[in-house]
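Please examine the sequence and the three-dimensional model shown below. The paragraphs that follow lead through a pocket, a pair of helices and a loop.

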Amino acid sequence: MDVKAVGYTIFTKSNCSYCTKVKALLGTADDVHIINCDHIPKPELFKFLESKTEQTIRTYPMVFLNGKYIGGYDETKTFLEFDLNATF
């Protein structure tokens, strides 16, 4: 489990509608790394993510770009709408 230094890293879960939406949103992007968290122990996952974000995050998806935390689906969608370099 790691956040990639280049491209997108998405932490997802099965049966998560926002995870499905964010994967569709980033579907044409280069360098998308998806980590399914269904079988990762929660304490280990949350400790790792808190070390990367300096936030307490408990909802899915969790999206990173070039190692930096963007947020969930809504934050990613907003980021893409306002980032002129986000064309795929």
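On a 1 Å grid over the protein atoms alone, a pocket is an open set of points where a 1.4 Å probe fits, with protein on both sides within 12 Å along at least five of seven lines. Points are joined across faces, edges and corners, and the volume is the space filled by probe spheres set on them. The model is predicted: local features need pLDDT of at least 70, side-chain atom pairs count only at pLDDT 80 or more, and totals for chains, interfaces and linings use all residues. Residues are numbered from 1 along each chain as its sequence is written, and side-chain values use heavy atoms, with hydrogens and water left out.

The volume of the largest pocket is about 190 Å³. Its lining, meaning residues with an atom within 4 Å of a point, consists of 14 residues, and T59, P61, G72, Y73 and E75 lie nearest the centre. Two or more lining residues come from each of β4 (68-71) and α3 (73-82); helices (H or I, at least four residues) and strands (E, at least two) are DSSP runs, numbered from the N terminus.

Helix α3 also meets another helix. The axes of α1 (residues 17-25) and α3 come within 9 Å and cross at roughly 20°, where axes are lines fitted to C-alpha atoms over the stretch in contact and angles run from 0 to 180 degrees between N-to-C directions. α1 is therefore roughly parallel to α3, a term for angles under 35 degrees. Y18, K21, V22 and L25 of α1 make the contact with Y73, T76, K77 and L80 of α3, contact meaning heavy atoms within 4.5 Å.

The loop between α2 (42-53) and β3 (62-65) holds P61, which is joined to Y60 by a cis peptide bond with omega about 0°. E54 lies in the loop between α2 and β3 as well. Although E54 is not a glycine, its phi is positive, at about 60°.

Note on methods:
Angles under 35 degrees count as roughly parallel, over 145 as roughly antiparallel, 65 to 115 as roughly perpendicular and the rest as oblique.
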